[in-house]
Amino acid sequence: MEARRASVSRSTAFRMKFQPDFSESITGDSRPIADYALLSDCHSAALVSSGGSVDWFCAPRFDSPAVFARLLGSAAGHWSIRPVDAVDGKRGYRPGTLVLETTYRTENGVARVTDALAVGRNERGHELGADAPHALLRNVECLEGRVELCCEYAPRPENGLVRPLLECRDDGVAGHGGASQTLLSATVPFTVDSGTAHARFTLAAGERRAFALQHRHGEESPPRRWDDEEIVTRIDDTSAAWESWSSIHQRYDGPWKDLVHHSGRVLQALTYFPTGAIVAAPTTSLPEIVGGGRNWDYRYAWIRDASLTLEALWIAACPDEAHRFFDFLAYAALPQLADGGHLQIMFGVGGEHDLTERELPWLEGWRGSRPVRVGNGAWTQSQLDVYGELLGAAHRFGDQLAQIGEPARRLLVSAADAAARAWESTDHGIWEIRDEPRHYLHSKLMCWVALDRAISLAPMLDAEDRVDDWTEARASVRDVILERGWSDSVGAFTQSFGSETLDASVLLMPIVGFLPPDDRRVRATVQAVAEQLTDRRGLVYRYRSGDGLPGEEGTFLLCTFWLAHALALCGELDRARETFESAAGFANDLGLLAEEVDTDTGELLGNFPQAFSHVGLVNAAWAITEAERGR
């Protein structure tokens, strides 16, 4: 027991590897990705640096064009509030919330900036995000002495393309440009220079100033003014809404409890309330390699990512709204399956199908990592594993299936039929490799999962008549995987049939129940991944072979959590804990994880925060807890 306590204590200390920079000496497109905090109203998201600058904000949806995009270009817009002479600082979320507090200490006093994306008035529990006003709220208060502060406001709608006309008014700063209207409500005087508004003001102990930003498209009703009292009240109300959601939903009680609960809030923050869609991340084009071209837009609802997020929320947050996701997918995807086609792998958060990818050449990218992209060309790919993730999530939430509509039932039955029909085909696989399709083992494995879970769910889906066909197909998939997925020369299951390439996705074989953890082939595969796909820190690469794209990438946090999960199932609990803590230790000071870790520098890379990484953390923590309890 003492060893366990020490291990948990160490995992908390690991998070202090990253030290935020409370100065404004570096700009958004060069700050570490780990320097940012997440704000969400379950419609959209903003990222705030430790130096007090909002460098990313899309409204009114996660996948809307950004109003502030300095994260991807030095002149692409930001909104900063901070002391003129900050000496040091400290930041954190209010407990159980995503309301951010940053406290700055200067030579003459102490000031605190509180940031939130407002949710609807008096929203509590399951209704978090139901009626968000799309308002970014900031409150500045002096706690001790006197503090001089500066505010710099540079909206650049349409991903930095538009420099709006700004007009100083008694109630703040109004902006018009392109199809956008903005209103920054404030009671401090501003001046405008070259499309940027500036203000300096001094607060004494007990004094405060509050700010509210609303952005509207031309056809929408214009933004309205917010006064200081309303802003402060709505920040507190938003805090209470998150606390209410956390108190109702979060019941996990085991090691790393704080990390697991916080990951649950992050995953909820990536949910688009109006439809139930879940985005993979709230950003685009944060690179997988600095200066390289592996820069993708993750602000969409992948069936895979969203389904796995739901399963993780079952552990971290016990959500009661899973049926909304299945209903969303039914209306988005059922027409394709009903016509005998493949299931599209991803959609816009409103259910949009066309996610055509394009480049934004006016943005230089984070640390010069071009191109910056919006849209994602993977929407046209065939990826057979999505059937398994979808039906796996449905199986996890089987007791909620009574709440789904008939279209969602038809979707799940059609997905199982599609897996039975298409499992013998080649595809592009879980990693969306932009190369020739192959027979990926993981894709076959997840087709097996789709059929296995569908058989179990058949009574709930009124699909008992399909069980014989599904059972026959499941047996065929299993036989082929065991015959063609194993490589004697490698001594492990490999990435695709006939290949000698190791792939971290094969770690899912015991996790999804395809083979028992004590199977010699499983143990050999887990050991091979641990020995051949890890870096010096014990973090796991997806694979080490060519994938049709230039450059190499970092280690994947999700894959590292998979290894911890598999080790726990195999009964190797000390190694599982060590692997888990190696990955969890790369969370920033606010408990947020990106997709990858730079092999050389240890910096977080990729879109941020990444749902997959937090999913892996939750599932691995659960697996280790259950193994230690002997379940």
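# Questions on a predicted model

Author: Arg 367 lies in the loop between β20 (358-359) and β21 (373-374). The model is predicted.

Reader: Why is Arg 367 called partly exposed?

Author: Its relative accessible area is 31%. Buried means under 20%, and exposed means over 50%. Arg 367 falls in between, so it is partly exposed.

Reader: What is the phi of Arg 367?

Author: Arg 367 has a positive phi of about 50 degrees, yet it is not a glycine. Most residues other than glycine have a negative phi.

Reader: What makes Glu 158 partly exposed?

Author: Its relative accessible area is 34%. That value lies between the 20% and 50% cut-offs, so Glu 158 is partly exposed. Glu 158 also has a positive phi, about 55 degrees. Helix α2 (residues 157-160) holds this residue.

Reader: Which residues does a cis peptide bond join, and what is omega?

Author: Ala 59 and Pro 60 are joined by one, with omega about 5 degrees. Pro 60 sits in the loop between β3 (53-58) and β4 (66-68). Another cis peptide bond links Phe 608 and Pro 609, where omega is about -15 degrees. Most peptide bonds are trans.

Reader: What makes residues such as Phe 57 and Trp 79 part of the largest nonpolar core?

Author: Members must be buried, under 20% relative accessible area. They must also be joined through side-chain atoms within 4.5 Å. The largest nonpolar core has 208 residues, and Phe 57 and Trp 79 are among those with the most contacts inside it. Its largest share, 11 residues, comes from α9.

Methods: Residues numbered from 1 in each chain as written. Predicted model: local features only at pLDDT ≥ 70, side-chain atom pairs only at ≥ 80, totals over all residues. Heavy atoms only, no water. Buried < 20%, exposed > 50% of the residue type's maximum accessible area, 1.4 Å probe, protein only. Helix = DSSP H or I, 4+ residues; strand = E, 2+ residues; numbered from the N terminus.
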